[in-house]
Amino acid sequence: MKNNAIVILEANLKEDKVDEFQLLLSKYLPETREYPGFISIKIHKNLEHNTVVFYQEWETIEYYEAYLKWRTDTGVMDILENTFTAAPNIRYWKVLNL
């Protein structure tokens, strides 16, 4: 594996927005998968709480930041954030090739 960027986005969903969030993902994820620099994404929901974690792999952090800017500029982040209780927490990681 190359030294790709790992992006973890964590957010808490509003109780009444879980179904809407899932519908939005089914609408927007196909575009995400076609974005330059995208490698993979897995989305997990906590069994006890409405916390979701996006585990993403991108070729570089710069590709992800360009993607995030595009999603912000087109209003998609505002739509998604309407389903969150607060702004998401985004953290960047790199794979250690040991």
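The legends below describe close-up views of a predicted model.

**View 1. The largest nonpolar core and the elements that build it.** This core holds 23 residues, and F21, F54, W58, Y64 and L80 are the members that touch the most other members. At least two core residues come from each of β1 (5–12), α1 (18–34), β2 (38–45), β3 (51–58), α2 (61–73) and α3 (76–81). Among these contributors, α1 gives the most, with 6 residues. As a general background to such a view, nonpolar side chains in soluble globular proteins tend to be buried together.

**View 2. The surroundings of Y64.** Y64, one of the core residues that touch the most other members, is in contact with V7, L9, Q56, W58, I90 and Y92, when residues up to four places away in sequence are not counted.

**View 3. Helix α1, its kink and its buried residues.** The 17 residues of α1 reach 25 Å from the first C-alpha to the last, which is close to the 24 Å expected at 1.5 Å a residue.

**View 4. The aromatic pair of Y35 and Y67.** Of the 11 aromatic pairs found in a search of the whole structure, this one is edge-to-face, because the ring centres are 5.3 Å apart and the planes stand at 70°, where an angle over 60 degrees counts as edge-to-face. The pair links distant parts of the chain, with Y35 in the loop between α1 and β2 and Y67 in helix α2, 32 residues apart. Both Y35 and Y67 are buried.

**View 5. The aromatic pair of F38 and W58.** The rings of F38 and W58 also form an edge-to-face pair, with 5.4 Å from centre to centre and 80° between the planes. Here too the pair links distant parts of the chain, since F38 lies in strand β2 and W58 in strand β3, 20 residues apart. F38 and W58 are both buried.

**View 6. The cluster of aromatic rings.** Ring pairs join Y35, F38, W58, Y64, Y67, W70 and Y92 into a cluster, which includes the residues of the Y35 and Y67 pair and those of the F38 and W58 pair.

Key: Residues numbered from 1 in each chain as written. Heavy atoms only, no water. Core = buried A, V, L, I, M, F, W, Y, C linked by side-chain atoms within 4.5 Å. Buried < 20%, exposed > 50% of the residue type's maximum accessible area, 1.4 Å probe, protein only. Helix = DSSP H or I, 4+ residues; strand = E, 2+ residues; numbered from the N terminus. Contact = heavy atoms within 4.5 Å. Expected span 1.5 Å × (residues − 1). Bend = angle between axes of the 7 residues up to and from the residue. Phe/Tyr/Trp six-rings, centres within 6.5 Å; stacked < 30°, edge-to-face > 60°.
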